[in-house]
Amino acid sequence: MKVVNFWKTLFCAALAVTAFSACSDDDEEGGYSGMPEITVNGGESVTVAGKLEGGKLEQTVEVVSKGDWTLTFKNPGDSQWVTPSAMSGKTGTTQLTFTLGQASGERSAILVLTASSTVEGFPLTDEATITVVQSDSDVPTGNALYSENCGTKVEKVDGYWPYVDKFEGWTRGGSLDQKAVTYTGNSASVANSGKVFDPAEDETTVVTGPPYVSMNKSTSVFNINDINIASNTNFTFTFTAAQQINYSNGVVLGDMTDETIRFSVSTDGSSYAPVALKVKKVASGYWYLCTAEFKLPAGVSTDKIWVRFDGYAGLENHGLRIDDFKLYEGGNGSELVVPSVDYTKGTVAEAIAAGAGKNYEVAATVVAMHTQGILIGDASGVMLAFLGEAPAVAVNDAVTVKGTTELRNGVIQFGKEGLSVAKTGTGSYNTPAPEVMDGTAVTAYIATALENKAVYKYVKYNGEFTVSGNYYNVVIAGTTTKGSVAYGKSEWASFNGKPVTVEGWLLGGTANYLQTMATSVTVDSSTPIVKISAPQQFAATSPVAQTLNYTVTNTTASAVTFAIEGTNADKFSLGAKTDNTIVVSAKGDNTDKTAYTANLVAKVAGATVATVALKQAAPTSGSGYAKIEKVADLKEGTGYLAGLVNGKYQTWTGVLTKKQCETVPYSYTEATGAFVADDAAGAEISLVAVSGVSNAYYIKYGEKYLTVGAAGKNQLVLADSAGDNYWTFTDDTDGVKATAKAFASIMMTSTEAASKYIRSYVTTNTSGVAGVVFFLAK
């Protein structure tokens with residue numbers, strides 16, 4: 001704490017009334033005559049650290065004094081092992097170094113520096129302190145300037161762990177005020193990760209436990225922004241980490257190296273300097289303490305820093321958990337050095353053609369913008385520069401953009417990391433006439449985006465505007481893809497539920513959303529809008545007609561016609577139509593093995609303006625299906641392979657996704673033997689007994705045989721021949737356990753609510769899983 005001398009205060013108060021010249025900082029022949037002041041590394045206190053082996057510390061302390069100063073030890077005995085390079089000094093700047101003696105255990109010393117002066121006979125002093133710590137610990141002693149342990153609780157949102165920028169449980173701790181710290185990233189979330197990640201008992205003094213920041217992909221980035229550092233310039237940053245290296249045997253943790261994750265620091269939030277990490281196992285488990293030491297570059301003045309975690313390899317079945325972030329004053333690191341980046345000068349078209357991961361410099365004009373980025377254009381084309389913040393330029397500004405290209409939503413854009421936009425003057429761009437897009441055109445464009453071949457284009461489309469929080473979407477007739485007005489203006493929220501016309505630039509898209517930088521959104525008073533209530537699924541037998549409601553906007557009911565289109569259009573029929581209802585029927589019983597599907601469409605002047613799906617359930621065959629969940633009931637036959645999850649029988653579709661059985665939900669009525677798909681149909685399989693082997697069967701799909709791909713791997717595959725590709729069954733929870741002959745792996749369904757697969761597990765990792773169930777035709 002800064003020492004405030006009573007006489008110093010009294011003296012200044014008195015002289016404020018009599019003579020201001022007495023408080024001058026000028027040196028006179030007799031030495032400094034002003035108020036004494038002293039700082040160490042720009043502050044009132046500083047900590048330096050050295051190892052137990054002793055020797056001269058690399059760290060220096062800059063002493064700036066007004067008035068002569070002296071150094072004393074709070075505990076005089078500490079002078080036996082700490083030797084300062086000076087015990088006193090004059091007004092001005094002194095670089096102080098320290099030499100430590102060898103030690104057998106951790107110890108510390110407090111050194112007090114006192115600056116003195118005498119003014120008009122009044123003795124005045126000011127103090128600063130230096131703490132010298134000697135230890136073999138990789139973590140500095142003392143309170144962290146900043147600390148974060150990800151809180152104590154996290155909940156899934158809509159079935160997913162929240163991304164780091166959406167998580168609300170951050171603690172923002174530390175000895176300095178860290179309320180302004182924010183957290184951002186890409187493919188980085190906050191999660192509980194299961195018992196396997198819990199720290200061992202001898203790790204809990206360092207590792208606080210869940211939740212953790214989870215990074216599983218090569219594109220994962222985690223940023224901690226605006227960390228308050230006050231006037232400090234020398235730092236040690238620490239965090240804990242654990243790495244998952246496999247999932248075939250359940251979660252398997254493994255070792256880390258100094259290169260597992262990349263750590264970098266920025267003094268301006270834009271340019272990042274890599275800092276080497278040292279990793280060391282905490283104790284008996286798989287958690288590591290990761291340490292980075294660094295100094296601010298000479299001449300850099302800032303009271304904030306930003307840190308970034310990226311560069312994770314993101315291999316299949318791998319994942320990283322990081323936690324317990326702390327920033328300390330003190331360390332033995334080097335000054336930050338931001339690596340230079342070579343930019344290729346080129347046109348917009350050349351930057352796009354170069355593909356993702358290229359550094360480009362483009363001179364262009366701002367064509368359009370939203371609250372998080374700008375669209376730039378030149379004679380060769382346009383592209384998005386995503387800033388992640390409000391642009392500081394305006395439409396028609398000439399700009400030079402330097403950045404790294406990335407692939408997002410099927411188009412190449414400039415990513416926000418390292419992006420710079422500098423205004424160079426005024427420009428112009430001739431925006432083309434908009435291409436009018438209907439549902440068919442939207443679907444075709446999205447197909448190109450899904451192939452990463454989408455292009456930027458200026459368009460116009462119509463639909464119903466919907467608002468959900470900060471998300472603005474447009475329901476477009478004739479397609480299941482919605483227009484997404486990216487980072488739209490707040491005043492557009494008033495259009496919720498109204499027909500609108502959107503004009504703007506397409507920025508690619510996903511299967512569900514057409515990304516649009518809108519230049520205008522206006523209420524549409526001419527395009528017909530029809531909304532149809534959703535029908536129920538028709539029963540497989542004796543289906544009952546349904547009366548559906550509909551509403552119209554910008555048209556009349558008499559102008560609306562209905563039709564049935566699609567795969568099984570001939571299986572459905574239309575009935576009476578009124579000004580607000582339409583009757584639709586399934587023509588008869590479903591005699592196929594799969595559900596009948598079609599679309600009910602509403603048209604105005606021959607153009608489709610609304611679509612809803614129609615479906616008639618698949619029938620049960622013969623006398624229905626017998627549920628086989630005990631070994632004693634197993635037999636040859638045809639039917640379905642399933643697993644019980646949350647009251648539904650997840651049934652194999654015949655498709656292997658990520659070498660696991662993709663499934664769809666079915667319901668089973670034991671009294672009737674009815675086994676009915678909720679939506680899409682499963683695939684018929686056959687159980688074929690293995691001659692001479694008890695309780696052993698092939699699971700045959702078409703002419704293929706379901707088996708395990710390799711020993712110790714959770715890889716289900718379809719083999720071309722029977723051979724040893726059979727399964728031996730034993731009784732288990734909610735079904736039968738299937739052990740593969742070829743590799744002695746166990747195939748089961750997960751009992752977790754989110755499971756949508758029939759998976760394979762090795763024999764040593766069957767906790768929390770259940771058996772499979774067969775439904776064989778009676």
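1. Contact here means heavy atoms within 4.5 Å. By that rule Gln243 touches Val252, Leu253, Gly254, Asp255, Met256, Thr260, Tyr312, His318, Gly319 and Leu320, leaving out residues up to four places away in sequence. Keep in mind that the model is predicted.

2. Stay with Gln243 for a moment. Its place is in strand E19, residues 234-246. Is Gln243 buried or exposed? Its relative accessible area is 8%. The cut-off for buried is under 20%, so Gln243 counts as buried. The side chain also has a polar partner: a contact of 3.0 Å joins it to the side chain of Tyr312.

3. Now take Ile699, in strand E54 (residues 696-701). Ile699 is buried, and its relative accessible area is 0%. Which residues surround it? Beyond four places in sequence, Ile699 is in contact with Ile685, Ser686, Leu687, Lys704, Tyr705, Leu706, Trp727, Phe729, Met747 and Phe774. Look at Trp727 in that list. Trp727 is 28 residues from Ile699 along the chain, yet their C-alpha atoms are separated by 7.7 Å.

4. Helix H3 covers residues 439-450. Check its length first. It has 12 residues, and at 1.5 Å a residue they should span 16 Å. The end C-alpha atoms are 17 Å apart, which agrees. At the start of H3, a side-chain oxygen of Asp438 comes to within 3.2 Å of the backbone nitrogen of Thr440. Just after the helix, Asn452 has a positive phi of about 60°.

5. Which residues of H3 are buried? They are Gly439, Val442, Tyr445, Ile446 and Ala449. Viewed down the axis of H3, the buried residues fall within an arc of 120°, so they line one face of the helix. The spacing makes sense: an α-helix has 3.6 residues a turn, so residues three or four places apart point the same way. The cover over the buried residues of H3 includes strands E33 (411-414), E36 (457-468), E39 (499-509) and E40 (513-523).

6. Next, a sheet of 5 strands. It is open, its order is E15-E18-E25-E21-E22, and the pairing is antiparallel. Strands E15 (182-186) and E22 (272-274) stand at the edges. Each has a single partner strand, so one side of each is left without a neighbour in the sheet. From one strand to the next, the twist averages 25°. Inside the sheet, E18 (residues 221-228) and E25 (residues 304-310) pair over 5 bridges. Asn228 stands opposite Lys304 in E25.

7. Another open sheet has 3 strands, in the order E3-E6-E10, and its pairing is antiparallel. The edge strands are E3 (37-40) and E10 (92-96), and each pairs on one side only. Neighbouring strands are turned by 15° against each other on average, direction ignored. How many bridges join E3 to E6? There are 4, with E6 spanning residues 61-66. Glu37 has Lys66 in E6 as its bridge partner.

8. Strands E44 (residues 572-577) and E45 (residues 581-586) run antiparallel and are joined by 4 bridges. A hairpin of 3 residues links E44 to E45. Phe572 stands opposite Ala586 in E45.

9. The loop between E43 (560-565) and E44 holds Thr567. At 67% relative accessibility, Thr567 counts as exposed.

10. Some backbone angles deserve a look. Most residues other than glycine have a negative phi, and most peptide bonds are trans. Asn396 has a positive phi, near 80°. It lies in the loop between E31 (381-386) and E32 (397-408), and counts as partly exposed at 34% relative accessibility. Tyr487 has a phi near 50°, also positive. This residue is in the loop between E38 (482-485) and E39. At 41% relative accessibility, Tyr487 is partly exposed.

11. Last, a peptide bond. What kind of bond joins Pro210 and Pro211? The bond is cis, with omega about 0°. Pro211 is in the loop between E16 (188-191) and E17 (212-215).

Methods:
Residues are numbered from 1 along each chain as its sequence is written. This is a predicted model: local features need pLDDT of at least 70, side-chain atom pairs count only at pLDDT 80 or more; totals for chains, interfaces and linings use all residues. Side-chain values use heavy atoms; hydrogens and water are left out. Two strands pair if DSSP finds at least two bridges between them. Helices (H or I, at least four residues) and strands (E, at least two) are DSSP runs, numbered from the N terminus. Axes are lines fitted to C-alpha atoms, for helices over the stretch in contact, and angles run from 0 to 180 degrees between N-to-C directions. The expected span of a helix is 1.5 Å times one less than its number of residues. Buried means under 20% relative accessible area, exposed over 50%, partly exposed in between (1.4 Å probe, protein chains only). The arc is that of the directions from the helix axis to the C-beta atoms. A polar contact is a pair of N or O atoms within 3.5 Å; within protein, one must be able to donate a hydrogen and the other to accept it, and residues adjacent in sequence count only if both atoms are side-chain atoms.
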